[in-house]
Amino acid sequence: MLLVEDKQIVVPGEILAEGDYHSGRGTFKEEEKVCSSLVGLVAVRDKKISVIPLQSKYIPKRGDVVIGEITDIRFSMWNLDINSPYSGILPAAEVFGKEKRELNRAFDVGDVLFLRVVDVDEVKKVKLGLKGRGLGKFRGGILIHITPTKVPRLIGKKGSMINMIKDQTRCEVVVGQNGIVWVKGKPEMERVVQKVVKTIEEEAHTSGLTDRIRDMLMELLEEGTEKTETEETSKKEEEDFKEELIQ
Amino acid sequence: MVQSIVPEIIRESVTNLIKKGERVDGRALDEYREISLETGVIKKAEGSARVKIGNTQIVVGAKPQIGEPFPDTPNVGVLITNSELLPMAAPNFEPGPPDERSVELARVTDRCIREGKVVDLEKLTIIPGKKVWMIFMDMHIVDYDGNLFDAAVLGCLAALMTTKVPSTTIEDDEVVIDYEKMVPIPINEQPLMCTMAKIGGELVVDPSLEEDDILEARVSIGIRADGSICAMQKGGSVPFTHEEVLKAVGIAQEKTKELRKFIPQA
Amino acid sequence: MIIILTSKSIGNNDKGTLTTSSTKKRRDGRDFDELRPLKIEAGVLERADGSAYLEIGDNKVLAAVYGPRELHVRRLLKPNMAILRCRYNMAPFSVEDRKRPGPDRRSVEISKLTAEALNPAVFLEKFPRSTIDVFIEVLQAEGGTRCAGITAASVALADAGIPMRDMVAACAAGKSDGQVIMDLSEWEDKEGEADLPIAMMPRTGDITLLQMDGHLTSDEFEQALDLAIKGCQIIGEEQKNAIKNRYGD
């Protein structure tokens, strides 16, 4: 028996369903009862119940792309803050190969990098790398912090949300899965992106967001861009987005 | 306290914007964030206030106690200012005895309140040389979002202005306290403090957290209602020029006028 | 009409009909099984990962949570789970006579018990080698601050997005003026015969804090325990409302 509605806000310990239901992300099962472990929104898919958190810390996973800040230079590696309970390391070999060079010639404390999580071992040592398209040190621009769980919402289905922002503001935007966003463009456009990203973070759990963000962008840019998509497609986007989160 | 490292990108973007006369949060260089002030928030304290500047939040409580005056000032009451940068207020604030930042905050606030002659301390004498009122002002910093000094002075001033002590009489050299009859403590002046950060060679009023983190130098100036100066504190490792100091005084005189409207009406 | 006070009869009783020859109104006008006015607000601080503000009677308590975050003290690190640390602190102006700043024996003990009361509810195993830090600040004290602190801390943990089996709600019961009562005021605590603060996970009913001082017969103890449990259940509902209100639900 389902005791909650889809998209309802629930709290830790709240019983979501009894009997023949599966426990998905953000839930646990105790004595045939599926309970929420988080503050979040219920997502029901057939017999599987998940809770999409409204707030969380970034836990590194192999393959993720993250934005990190160099906090220390050591003998053969850099230490990085990746906005997580676990800090990352970037081994010198990832940058120089076998060549021996002075580390601070390449990156210094305070530099901000776009990196890939290469490995997370059993003692939670997070190894980072720079091999891949677009990875490396950022120059200029601004940083915005958002709750990592809101990242999929900011990106949107197949990048719809983020692409809309990029197109409208002509800014470069890079989103790390750890909730850090880098933006570079005209300074006034960077501020527009900052406002929009913060709104997406605050309203990520509400519906009709894509349309509201489109309106907000238009208003902020003070130019009447025509709506290119119909209501229906954006509704579909939201459904797809939910699907993505549950998986 | 652990010093936080500021990403170079943030330092650059904040600085570049200020050089153009703009700020990250859209304020003018000489503009305060939203300010709110409530008094009487703590019933157990004889005077109290909760002040917010932006998201910086301080709860101040004033508690009078009867004690002995200092030997060199037998006819003067005692004012003690204390602050706690609580570990709840910022991720890099740590539990433990007050660190140098916390002590600096308490001392600068104390100087502004004391030299600003807020309280007529001589009127806090009960028996000359023997008994005086000691007023303990405790600042509880619960949320740190930059610029503690201005919030601290505003909060302490408001707390003192609402502080009441029981009336006292002397019978046979003994102090008789009448808790039924509470009287406000004598307030003379109302100094306020304005803090400016030097970033990219410009002076910005009421530095936000980001600005506080990257500032080259900082100056806090206490101003009385008549525009005279009662306290100053420079912070940070970069010097000020002569012109900058004079300009800062001028700005502080203007901006404290605005702050004045938040002072509770006596 | 005489009603025997067992947990069932209390739990099911309509307050209007509950009158016994032995119950009388309390000093502050409350019934024996009535909480002081309670207000909880989630997400009140900017910097903390999670926070809550709670008022019950004249108690005013702030709780903040940071974490899970990196633990720099290696000797405390646990390889298979997070640790949960707690600091309970009273503001110098929170009590009648100014309290000297800094921890004393009482606050050290309460800090330890608070951490232990919250521990069973948190899925610590999800964040090995990290720490979750809970800070409780009592801004104004009026009896029952440890319970108020635990209740607020649990809301702050949920607000920080930390996964939990259940909320933790805390409430005291005790005896004052010869009567077993729920949620002791400062006066009832000081002048009363016994104080029994507990914390509980409302869904499971598991008790995670249990202290008592004073004197109770075993019947009175059972009555008091039932009252404290009932108080926790009411408070648990308020915790839920506070969190849901934050997101406009």
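This is a predicted model: local features need pLDDT of at least 70, side-chain atom pairs count only at pLDDT 80 or more; totals for chains, interfaces and linings use all residues.

User: Which strands of the open sheet in chain A stand at the edges?
Analyst: Four strands form this sheet, with mixed pairing, in the order E1-E6-E7-E3. A strand at the edge has a single partner strand, so one side is left without a neighbour in the sheet. The edge strands of chain A are E1 (9-10) and E3 (22-23).

User: In E7(A), what is the bridge partner of Ser23(A)?
Analyst: E3(A) and strand E7 (residues 48-53) of chain A run parallel. Two bridges join them. In E7(A), Ser23(A) is bridged to Ile49(A).

User: Is Arg107(B) buried, exposed or partly exposed?
Analyst: Arg107(B) belongs to helix H2 (residues 100-115) of chain B. Buried would need 20 or more C-beta neighbours within 10 Å, and exposed 12 or fewer. Arg107(B) has 14 inside 10 Å, so the class is partly exposed.

User: How far apart in space are Arg107(B) and Ser83(B)?
Analyst: In sequence, 24 residues separate Arg107(B) and Ser83(B). In space, C-alpha to C-alpha, the distance is 9.0 Å.

User: How many residues on the side of chain B that touches chain A are nonpolar?
Analyst: Nine residues of chain B are in contact with 12 residues of chain A. On the chain B side, two are charged and one is polar. The nonpolar residues number six.

User: Which element gives the largest share of the side of chain C that touches chain B?
Analyst: Here 22 residues of chain C are in contact with 27 of chain B. Strands E3 (59-70) and E5 (130-140) of chain C each give two or more residues to the chain C side. The largest share is four residues, from E5(C).

Methods. Residues are numbered from 1 along each chain as its sequence is written. Chains are lettered from A and ligands numbered from 1 in the order in which they are written. Two strands pair if DSSP finds at least two bridges between them. Two residues are in contact if their C-beta atoms, placed from the backbone, lie within 7 Å. Ala, Val, Leu, Ile, Met, Phe, Trp, Tyr, Cys and Pro count as nonpolar, Asp, Glu, Lys and Arg as charged, and the others, Gly among them, as polar.
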